[in-house]
Amino acid sequence: MNNTVIRLDNISYSYTEDYNSNVHDLVIDHLEIKKGEMLAIMGSNGAGKSTLLEIMGLLCSPKKGDVYINQLRVEANNRSDLRRQVPVLLQSTYLFSTTIFENIALGLRFRKVPEMEIHSRVNRALSIVELTPHANKQYFELSGGEKRRVDLARVLVLETDILLLDEPTTGLDDKSRAIIEDVITELNQKKCHTIVFTTHSHDQVKTLSSNVLRLHNGYILNNEQ
Amino acid sequence: MKLLIIIVCLLASSQLFSSQQVLILATTTSTENSGLLRHIHGDFEKSTDIKIKVIPKGTGASMQLGRDGNADILLVHAPDQEREFILNGYGDKRVEVMHNDFVIIGPSDDPANVKGEKFAAKVLAKIAKEGATFISRGDNSGTHMKEQKLWHLSKMKLISKAKEIITAKGKKEIKFMRPVGGWYRSIGRGMGATIHYATEVQAYTLTDRGTYYAYHHDTKRSKPLVILSEGGSDLFNQYSVIAINPSKHPHVQYSAAKKYVAWITSPRIQKKIALYKKNGKTLFYPDVL
Amino acid sequence: MENFNLAFLNALHLLVSLDSEILQYAWRSVYIALISTTLVIVVTLPMGILIAENNFRFKRAIIIVLNTLMSLPTVLIGLVVYSFIGRMGIFGSFKLLFTIPGIIIGEVILIFPLVLSLVIAALSRDNTQITKTAKALGASQLQTFLILIKESRYAILSSIIAAFGRVIGEVGIATIIGGNAEKYTRTLTTSIVLNINMGYFDYALAIGIVLLTLSLIVNLFMQLLQGSKR
């Protein structure tokens, strides 16, 4: 039985329409991510890590090539639906101008989850990232690390089997980093969730015992086991 | 928030539903400002169930509305232009409804010494010779048209400020006749504003009697102007109604317009017009009684 | 006109006695401003979102065009619309001349460039971030649209207030298209001009004060609306 959750075939992404980028085109011949895998994508700045993650998260479309999520090929008519299976923690956190609780609940509201269930799931997510006392605070009242944890909670609360995280702990205080790394580990080892994240830190790779994929100038260097 | 949207939608739609017949009457600003129409129109609306929409513009603008078919009937006071209007086929016929008179007002010390002069044309000649300041409405209104006619009769040297415009029927000329000299000021304003200006600079001007009577004077600022010439036959001010010709504009409400004409010339309404007073003074004299 | 005091007293009297004529004119002014603003906002919000999230060069060109259109004199707009909806015009058969809906058409054209450029500015700030974050959390196209508006709501509300103020104080279009017909299309602004032309300056000033008071009330209400969304 095929347990590939994300598959990329013949992907080519061009940055020429993007004014701010000086990165080379991203080219991926073939990439398969299996269920329960913990994968770290590494590479220097501008190598294409965020873009690769966003392509997997169906947030941007490659110029050519196919993406498969849970063995379904992504097309125009199923894009929005499949996107809900691959939530992304973006590199920079944008909190919406409302309470912490509502920020976390947002993704559930998009999915029209019933109110009672939203309540219990959000509270659960809050306790996982250790932010329960802050639930009713406004988006601007937290520290950088706390905001990042809210961002993580936003994604966790969706309870998907796949999580895509772009530099989840870069620049954070030790406490926040530790909490986030613990959550990620637990999700992967206890619940068999597939986690793909980008990082600069070899230490983190070690802590999370992940496989590594190295990107350089838009190409995959090698796939270390 | 949703409630707000619903309210707005209801409000918006309210404007779209009204099947009442509305007669569009274009008239002069002085007629509208006299309050006469407000006084008598209720009677028409009640007896015929036709509403009247009064558009107050200058006589010239009203006639243009008539030419464009944007009005159903006119009530104006420029006989020469009216005759030309009918000759060109835009109007049905002129029906004289009421009259009053113009007067020439000016500063009480009367620098051009016109007091007692019966003919307005001669008054203007004296003003021109003396070079006394004269204010013209200069706005293509009935009063302005009368004023130009009087200048013509005064035999003073006139120049025309003409503009050529190209219309569907070829070139047309818009001409304002005016005497020569800096003492003549054309301000392009309504009657009340013109009287105000003339009072400020203590100058002569031509006005209809009604507006002069109705004008509030602020005695703290300047001396009021007084009537220096009245009663001359050339100061006669004739108001007529003209229904717009349906062969030129088939959509106009011709039968409603005819009803209006019949109504305003009926003895009952003519009497009402005669009895209308403002500040205790009669403003209009009926023609049909 | 040292009679500011007199004008204020007159205005107060008009307001307190709920003078029926003034009430009618006031209602029309508010109605026209309300409907025009609503119509324009409904159209410019989606347009603004499309433009804001697109190509930088394209956006710049549009803003230049909009800024130019904002210099159009109101009487010119009034004249152009008049020629379209007057009997001789293309839309003559709709009988829109000298009606409130006719005025609304003119006002909509007037404030459209203003509101669109304000909306684009309102949405441009964190536009990409908001859209990306919303999509990453699974928002549909419509949900993204709505949250974009929600996040920019203060700036958008400012645009609405600006548009409303522009329309309620406008006189050129209202006069030319509306015709200033007493019981049908006379508004606060057109009656101010009328009274000025008749020489009743103090009364005109009093009406002007009534207009300002009305505007103040509406703005207070809008502020409360903004405040409650904390």
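This is a predicted model: local features need pLDDT of at least 70, side-chain atom pairs count only at pLDDT 80 or more; totals for chains, interfaces and linings use all residues.
A helix, in the sense used on this tour, is a DSSP run of H or I at least four residues long, with numbering from the N terminus.

Begin with chain C and select F84(C), which has its place in helix α4 of that chain. With a relative accessibility of 36%, F84(C) counts as partly exposed, because that class lies between the cut-offs of 20% for buried and 50% for exposed.

Now move to chain B and colour its two assigned domains separately: domain 1 takes in 2-100 + 238-286, while domain 2 covers 102-236. Their contact draws on 19 residues from domain 1 of chain B and 17 residues from domain 2 of chain B. Taken over C-alpha atoms, the centres of these two domains of chain B are separated by 27 Å, and the area buried between them is about 1,400 Å², with carbon and sulfur atoms giving 54% of it.

For the last stop, show the side chains of K149(B) and D80(B), which meet in a salt bridge at 3.1 Å, N to O. Between domain 1 and domain 2 of chain B, the count is one salt bridge.

Notes. Residues are numbered from 1 along each chain as its sequence is written. Chains are lettered from A and ligands numbered from 1 in the order in which they are written. Side-chain values use heavy atoms; hydrogens and water are left out. Helices (H or I, at least four residues) and strands (E, at least two) are DSSP runs, numbered from the N terminus. Buried means under 20% relative accessible area, exposed over 50%, partly exposed in between (1.4 Å probe, protein chains only). Domain bounds come from an automatic or database domain assignment. Contact means heavy atoms within 4.5 Å. Buried area is the accessible area (1.4 Å probe) that two parts lose on being put together, summed over both. A salt bridge is a side-chain nitrogen of Lys or Arg within 4 Å of a carboxyl oxygen of Asp or Glu.
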